[in-house]
Amino acid sequence: MESAWETGPAGAPGAPASKEDKEGSKCRNRRRWRKVKAKASRLMHSMDLRTMTQSLVTLAEDNMAFFSSQGPGETARRLTAVFAGVREQALGLEPTLGSLLSMAHLFDLDAETPANGYRSLVHTARCCLAHLLHKSRYVASNRRSIFFRTSHNLAELEAYLAALTQLRALAYYAQRLLATSRPGRLFFEGDEDLTTDFLREYVTLHKGCFYGRCLGFQFTPAIRPFLQTISIGLVSFGEHYKRNETGLGVTASSLFTGGRFAIDPELRGAEFERIIQNLDVHFWKAFWNITEIEVLSSLANMASTTVRVSRLLSLPPEAFEMPLTADPKLTVTIAPPSAHTGPGPVLVRLISYDLREGQDSEELSSLVKSEGPRSLELRSRPQQAPRSPSLIVHFHGGGFVAQTSKSHEPYLKTWAQELGVPILSIDYSLAPEAPFPRALEECFYAYCWAIKHCALLGSTGERICLAGDSAGGNLCFTVSLRAAAYGVRVPDGIMAAYPATMLQSTASPSRLLSLMDPLLPLSVLSKCVSAYAGGETEDHSDSDQKALGVMGLVRRDTALLLRDLRLGASSWLNSFLELSKHRSHPNSAAPMAEPIRRSVSEAALAQPGDSQGMDPLKDLKLNDLSLRSSSETSGTPELSLSAETLGPSTPSDVNFLLQPEDTPEETEAEDELSALDSGQGIGAAFPRGFHPRRSSQGPTRMPLYSSPIAKNPFMSPLLAPDSMLQSLPPVHIVACALDPILDDSVMFARRLRNLSQPVTLRVVEDLPHGFLSLGSLCRETRQAAALCVERIRQVLTPPGTAAGV
């Protein structure tokens, strides 16, 4: 990335520069860059917001006066205008940030964890102000120098002014959210129409300025070269994909043909914005999976830890029995996954640093699925290690639409070495081809299979930890909830890295960060969630209809009809469940005999069955295994999958996000928040005279509706009722302060804390979503990855013993 403060050669003017002199100059410039960035970071954290703003305004006015006296030239006029803009935006932004910061503490988990979307937005704006402050100082100090690069500095100032303008718009949006939401609640819980209006207004904002010269300014400096490489690869890949919309023939070579995007940041930013707004989920699936081609995956494996065992297994779709935790003499049938595509095998990857007993057995070898040369990673060893007392079951991230265990294998191998524990990573089926609940069914089936066959995996199964990142973190929670619903063993703990716990389309302050996040833009996040929910992920124009032909139109309209029927049925069920809440349930010590559907989606579309025709308990499946409340049986919390899993029918009824009584501090703040709320719509969030920049890329192809199925607690665990969340084991969450889904982690931890459930939340600074896959990139990512390992170690350590496995 170009240095913002780079100067000319240090030698005398006109003197010929040797190769050694040029290299020395580059080294000095790089050292100067690092020193200035370190100083900027220290000053940003030491200066309060008002002092920073006043210093920036003073420097802007000084530079305005200088350049306005330089004559009528175009460059001087643009420099004068850009500093005038910096002054105007900084003065307008400072009071809004101050009001957000004054209320941000109400949304923290506790005093030791000061993190939420409001704090992150203020921090990001401070980063931009700090950059402009040091750039203004540089200009003031060097504007008379013959080495002053006018064009470069002007372009950078204009880019950061555009970013500051958009951040001011986001601050007003956040202020509006603060005024319309209850204290302590980060997700908007109002009218769905207002949410849709907010999203429609939000997606029209210009985003290209964040993907050009300003790319990744909010992250740690070591991350920025990686982000620049990814952005160049993305726009190059998108250009090839645009020429061949089927995706065929788009290969890794597409990543290395973007020279013009590397030298033109403005062009790169505009193309990046076009891609995230207009290309469908199939593009993102293809791009995120590019790392799994043989060449790139082989390079990643060469650089990763060497393990004795890395085997891809195919679990046959056969039902088996699992003992109930309440009474091990009784069993429950675990049926193979069947949603959408019918019964089919589940792929899993076994990773172990040492070859342990059982891992080379004939029974396990019969399940091995060939991967070519990679499957030969199982090597003979004179003596086997004994079975580990622990086992890790891992669910990978990828937005429910992309990647496999192969993408996450490098850090999983490191975990296997550092923890000395076998790891079973689940290659669940991906959306949109296999939407919810297929992935949940496969992960739960594989989890139960791992418990039953842990001896084959090299473990005694005394301690079991679920671990996952992003979408995989979501599956960690939902698999545990389903295990509790079935009455089988729940894991001993969960480690979820930056998990997604709220998949319903709703606004939150951290979601605002998706306007500038290069790895998780809002439109991409929405397309992935829509695909997982089984909804349409793209619109069809008239030209598309012509290209489809008659039969294509028939197929498309049939798909739309089926989608509408599915969503309508889910909406009907929600209304039905709202009515059923008021029905009285007779006390009975006998188990309920409601027949069980083969999948959560089928259960969601079926009316509760008759109470007659009871089967033996060993033959029961999901909905039969509702756990009674203490009033019905002895001390087991109620957990029914028939009526409680699909949460409320309207967002206004979702009151699970806080305890019923607000704290005195939050009650006192309500008057201040109501003063901010003028009762106007989202469109009136901006003050008179302020106009943010709008996108020039046309309408965003982004689903703005919220599928009713997204309210299902097995899809959005944040919406689960208390009785379900109380069944979760100890939860350890590692989140990112600058992540658009940070609020998912904060609110989920708050809910568990309010239920007196064991939960820890650690928020790492200045890193992007997905840092586990960047573990070897820099010191900060290595430290964050080590924190995840330590949390897993806590789960695997038996109570009352010293830390260690």
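## Basis

This is a predicted model: local features need pLDDT of at least 70, side-chain atom pairs count only at pLDDT 80 or more, and totals for chains, interfaces and linings use all residues. Residues are numbered from 1 along each chain as its sequence is written, and side-chain values use heavy atoms, leaving out hydrogens and water.

## The sheet

Eight strands form an open, mixed sheet in the order β1-β4-β6-β5-β7-β8-β9-β10. Strands (E, at least two residues) and helices (H or I, at least four) are DSSP runs, numbered from the N terminus. Strands β1 (309-315) and β10 (759-764) are the edges, each pairing on one side only. Pairing requires at least two DSSP bridges between two strands.

Strands β7 (residues 459-469) and β8 (residues 493-497) run parallel, joined by 5 bridges. Leucine 466 has isoleucine 494 of β8 as its bridge partner.

## Helix α14

Helix α14 (residues 438-452) has 15 residues and should span 21 Å at 1.5 Å a residue; its end C-alpha atoms are 21 Å apart, which agrees. The expected span is 1.5 Å times one less than the number of residues. Of its 15 residues, 14 are buried (under 20% relative accessible area, 1.4 Å probe, protein chains only).

Beyond its neighbours within four places in sequence, Tyr447 contacts Val393, Ile464, Leu466, Val479, Ala483, Arg489, Val490 and Pro491. Contact means heavy atoms within 4.5 Å.

The largest nonpolar core has 214 residues; Tyr447 is among the members that touch the most others, as are Leu170 and Trp415. Such a core joins buried Ala, Val, Leu, Ile, Met, Phe, Trp, Tyr and Cys residues through side-chain atoms within 4.5 Å. Helix α5 (residues 150-180) gives the largest share, 17 residues.

Methods:
Buried means under 20% relative accessible area, exposed over 50%, partly exposed in between (1.4 Å probe, protein chains only).
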